[in-house]
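Notebook open, structure loaded. I want to look at ring pairs, charges over rings and helix packing.

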Amino acid sequence: MRLLHLGDVLGQSGRTAALEALPMLRDRLSVDIAVVNVENAAHGFGVTAKICKEFYDAGADVLTTGNHVWDQREIIAYIDEDEKLLRPWNFPDGTPGKGDYVFKTRSGKKVCVVNMMGRLFMDPLSCPFQGANKLFAKHKLGKNVDAIIIDFHAETTSEKMAFGHHCDGRASLVLGTHTHVPTADAQILPGGTAYQTDVGMCGDFDSVIGMKKENSVRKFITKMPTGRFEPADGPATVCGIYVETDDVTGLAKRIEPVRIGGRLKGSWPSA
């Protein structure tokens with residue numbers, strides 16, 4: 001199968017670029033499933049039902065989030081109605097929504113998409129490593145599901161790397177989100193899991209992780225409050241990851257970054 005995952009969509013600029021790029025990416029890469037992280041899509045903070053619909057209409061199959069999932073209060077009532085909009089799996093029992101979803105492709109293949117959140121410098125949720133073990137007991141790669149994608153929303157590279165190795169051989173793709181800067185370590189781990197520490201964001205990179213740079217720089221210099229951060233609104237780069245899997249095992253055969261538009265150097269899967 002061919003898998004596509006786009007990184008954190010940030011604000012109007014990132015949203016516009018991702019919505020415009022998604023139909024083209026689906027067509028040119030012939031992907032079987034497209035996943036998009038939308039936790040910063042609503043003016044940099046959270047997501048709304050309207051934005052979810054826009055992404056579904058553009059070709060997204062499943063949407064993931066992270067620590068900003070509840071920033072738009074309307075999503076609390078909506079998320080139980082939309083099983084394809086995920087919040088981190090390791091929130092406490094009773095939290096609205098769910099953290100995993102099995103999507104059936106047009107060819108009948110089953111892809112399990114998981115949203116998990118790290119704990120270093122993040123909210124103290126339940127252990128993502130033990131949570132992954134529980135998920136793998138339920139979703140078995142190459143047996144009852146044909147692919148497993150895990151969006152690991154975490155702050156530190158060490159926790160992301162450790163989590164990738166923990167899942168190696170049991171997931172098709174483990175990718176990091178949250179820090180918004182694409183890393184250069186796209187690889188297939190020894191056990192066959194495709195991995196990248198951070199896929200990057202869909203947003204304006206003439207910024208500080210997607211926010212207007214002036215307020216961020218001023219805060220670092222003065223250590224004083226600077227008011228609400230605003231998303232940068234220049235041309236956005238769409239960052240994502242493309243993976244091809246083996247039809248029998250569900251493990252990865254190929255992983256390549258995707259970067260189009262904006263300020264960053266472009267990257268496109270080789271022929």
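This is a predicted model: local features need pLDDT of at least 70, side-chain atom pairs count only at pLDDT 80 or more; totals for chains, interfaces and linings use all residues.

I searched the whole structure for aromatic pairs and got three.

I picked out Phe 152 and Phe 163. Their ring centres lie 4.0 Å apart and the planes meet at 10°. Planes under 30 degrees apart count as stacked, so I logged this pair as stacked.

Where do Phe 152 and Phe 163 lie? I found Phe 152 in strand 7 (residues 147-153) and Phe 163 in helix 5 (residues 157-167), so the pair ties together parts that are eleven residues apart in sequence.

Buried or exposed, I asked of Phe 152? Phe 152 is buried, at a relative accessible area of 1%. Phe 163 is buried too, with 0% relative accessibility.

Next, charges over rings. I have Lys 84 over the face of Tyr 56, 4.5 Å from the ring centre. Arg 228 sits over the face of Phe 45, at 4.3 Å from the ring centre.

Last, helix packing. I looked up helix 1 (residues 11-29) against helix 2 (residues 49-58): the angle is about 25° and the axes are 8 Å apart. Angles under 35 degrees count as roughly parallel, and I therefore put helix 1 and helix 2 down as roughly parallel to each other. On the helix 1 side, Arg 15, Ala 18, Leu 19, Leu 22 and Pro 23 make the contact; helix 2 brings Ile 51, Glu 54, Phe 55 and Ala 58.

Conventions:
Residues are numbered from 1 along each chain as its sequence is written. Side-chain values use heavy atoms; hydrogens and water are left out. Axes are lines fitted to C-alpha atoms, for helices over the stretch in contact, and angles run from 0 to 180 degrees between N-to-C directions. Helices (H or I, at least four residues) and strands (E, at least two) are DSSP runs, numbered from the N terminus. Angles under 35 degrees count as roughly parallel, over 145 as roughly antiparallel, 65 to 115 as roughly perpendicular and the rest as oblique. Contact means heavy atoms within 4.5 Å. Rings of Phe, Tyr and Trp (its six-membered ring) pair if their centres lie within 6.5 Å; planes under 30 degrees apart count as stacked, over 60 as edge-to-face and the rest as tilted. Buried means under 20% relative accessible area, exposed over 50%, partly exposed in between (1.4 Å probe, protein chains only). A charge sits over a ring if NZ of Lys or CZ of Arg is within 6 Å of the ring centre and within 35 degrees of the ring normal.
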